[in-house]
Amino acid sequence: MEIFQAFTDYLSLERKYAKHTVQAYLADISSFAVFFEEHFGVVAIATADYVQIRRWIIDLSDSGLSNRSINRKIASLKAYYKFLLKTEQLSVNPLAKHRALKTAKKIQIPFSEQEVLDVVHGLEDGEGFRDLRDKLIVELFYATGMRRAELVSLEVADIDFSNKQLKVLGKRNKERYVPLLPSVLETLRQYLVVREGLVSQGLGLPLLLTEKGCKIYETLVYRVINGYFSRVSSKEKKSPHILRHSFATHLLNEGANLNAVKELLGHSSLASTEVYTHHNIKQLHKVYDNAHPRNKK
C-alpha cells in the first residue's frame, strides 16, 4: 500500500489537486482493484493488461454506468499507471492506446447578465461578515472567472491593490494575474475590515474564511453560489462552474478576444476555451438575422 500512499501524496502535494478530486481518483482505482481481485484473483493492479481492463469497462457498461462516468474512472486508472511509469515501477502503460468512449456533449447554460446583477444587487445592503464574504465570492467568480479550488486557495497576500490585480494559483501550480474591477476592490476593502474581527491581518493567511475564522472549503462555496442563484434563476445547474462559464460567455458576447479569455481562465490551450463560444455563435446568428438585407421584409 506504500505505492498507493505515494500516489495520493503525488496528487495532493505535487499536482495540487483538491481533496475531493484526490478522493474521486482513489475511489475509481479502488473500484478496479476490487474487480481485478474478484475476477482474476490478483491484488496488484500494476500487473493488469488491457484485455483485463477492458473486461472491467464492459462490466461497468453492463451495470448501467454512463460513458462519461466510465471515462472518468479510466482517466483515474490511467493517471495511476502514468505515475507508476514515472516512478519506474512499470515499464508499459496498459492504457496507453485506450480511446475514451464517445459521449454526448453537454451544453452548459450560463446565467444571464441580469441574473448575476440581481444576485449582486441583492447582496449590496449587507454589512456583516457573512454578507460581505458571500458578495465577495460572487463578485470574484464573475469578475475573474477563476475555478472554485483557486478561489478557496486565495491568500491575503495575493491581492495587489496598487496594480488592481489578483494572483491566482491554477492547475499544475501555474500562476496568473487577473485584473480586478473597482467595485470588486471596494468589496475586498470592506471585507478585509470585518475579517479583522475574526483573525489578525496576516499576509500569509487565507483570504476567505468561515464565520468561525477557519479557511473556507469548496462545499461551502458551492452552497453560497447555489443558494443565491436559486433565488433568481430557474436553470438546472447553479454552481461556481456555471458562474465561471457565465464570465467567459459574457466576455465573448461583448467581443472579447478568445486568446484573452483563455489567459483569464487559465486554460493551457484554446481548445479548452472554445467550449464557451457556442453562445457567442447564437449571438452572431441573432445579429445576422436582424441585419442581413435578404432577411428584411
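Buried means under 20% relative accessible area, exposed over 50% and partly exposed in between, with a 1.4 Å probe and protein chains only. Helices (H or I, at least four residues) and strands (E, at least two) are DSSP runs, numbered from the N terminus.

This is a predicted model: local features need pLDDT of at least 70, side-chain atom pairs count only at pLDDT 80 or more, and totals for chains, interfaces and linings use all residues. Residues are numbered from 1 along each chain as its sequence is written, and side-chain values use heavy atoms, without hydrogens and water.

**Sheet.** Three strands form an open sheet in the order S1-S2-S3, with antiparallel pairing. Two strands pair if DSSP finds at least two bridges between them. S1 (159–160) and S3 (175–179) are the edge strands, each with a single partner, so one side of each lacks a neighbour in the sheet.

Five residues separate S2 from S3 in a hairpin. In its turn, Arg-172 has a positive phi of about 55°. On S3, Arg-176 and Val-178 make up the covered face. Glu-175, Tyr-177 and Pro-179 make up the uncovered one.

**Core.** A nonpolar core is a set of buried Ala, Val, Leu, Ile, Met, Phe, Trp, Tyr and Cys residues joined through side-chain atoms within 4.5 Å. The largest has 39 residues; Ile-137, Leu-166 and Leu-207 touch the most other members. H6 gives the most to this core, seven residues. A second, separate core of 26 residues includes Val-22, Phe-32, Ile-74 and Leu-84.
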